[in-house]
Amino acid sequence: TITIAQLVSKIKTPTSKWVKKKGSLNFSWQDGYAIFSVSASKRPVVKKYIQNPANHHNNKPFKEELRLFFSEYGVEYDERYVWD
């Protein structure tokens, strides 16, 4: 068992190294992250979202996009604990 922060680090660190090794020297991850569980019925929606990052990341900042997710799915949150 690991924490969410440890999981994110295990994903981001090697991925960053791999992308930079492939020639994208100015690559960097956005600040922050969010993790959601989804029902099997939403898998096609999640897959489409993951396969088309330019459709959402170029149009909205991460914070705005996350706030929209929270609103759409009725997730209560406290701004003090969401952002760095």
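Q: In this predicted model, why is Trp 29 called partly exposed?
A: Its relative accessibility is 37%.

Q: What makes Phe 27 and Trp 29 an edge-to-face pair?
A: Two values decide. The ring centres are 5.6 Å apart, and pairing needs centres within 6.5 Å. The planes stand at 75 degrees, and edge-to-face asks for over 60. So the pair is edge-to-face. Phe 27 is itself partly exposed, with a relative accessible area of 24%.

Q: How many aromatic pairs does a search of the whole structure find?
A: It finds five. Ring pairs also link Phe 36, Tyr 49, Phe 69, Phe 70 and Tyr 77 into a cluster.

Q: How do you know that the length of H1 agrees with its 18 residues?
A: At 1.5 Å a residue, H1 should span 26 Å. Its end C-alpha atoms are 26 Å apart, so the two values agree. The helix covers residues 4-21.

Q: Which residues of H1 are buried, and why are they said to line one face?
A: They are Val 8, Lys 12, Ser 16 and Val 19. Seen down the helix axis, the buried residues of H1 fall within an arc of 70 degrees, so they line one face. The face turned away from that buried side carries exposed residues: Lys 10, Lys 17, Trp 18 and Lys 21. After H1 comes Gly 23, with a positive phi near 115 degrees.

Q: What makes Glu 79 and Arg 67 a salt bridge?
A: Their closest N and O atoms are 3.0 Å apart. The rule asks for a distance within 4 Å, so the pair qualifies. Glu 79 lies in helix H5 and Arg 67 in helix H4, so the bridge ties together parts 12 residues apart in sequence. Both ends are partly exposed: Glu 79 at 32%, Arg 67 at 33%.

Q: Why do Asp 78 and Arg 80 count as a salt bridge?
A: The N to O distance is 2.5 Å. The limit is 4 Å, so the side chains qualify. Asp 78 is partly exposed at 28%, whereas Arg 80 is exposed at 62%. By this rule the count comes to two salt bridges.

Q: Which residues form the nonpolar patch on the surface?
A: Ile 2, Ile 4, Leu 7, Ile 11, Tyr 33 and Ile 35 form it, with about 530 Å² of accessible area together. A patch residue needs over 30% relative accessible area. Ile 4 has 47%, so Ile 4 passes that limit.

Note on methods: Residues numbered from 1 in each chain as written. Predicted model: local features only at pLDDT ≥ 70, side-chain atom pairs only at ≥ 80, totals over all residues. Heavy atoms only, no water. Patch = residues over 30% accessible without salt bridge, like charges linked within 9 Å, V, L, I, M, F, W, Y side chains within 5 Å. Areas by Shrake-Rupley, 256 points an atom, 1.4 Å probe, with all protein chains shown as cover. Helix = DSSP H or I, 4+ residues; strand = E, 2+ residues; numbered from the N terminus. Buried < 20%, exposed > 50% of the residue type's maximum accessible area, 1.4 Å probe, protein only. Phe/Tyr/Trp six-rings, centres within 6.5 Å; stacked < 30°, edge-to-face > 60°. Expected span 1.5 Å × (residues − 1). Arc of directions from axis to C-beta.
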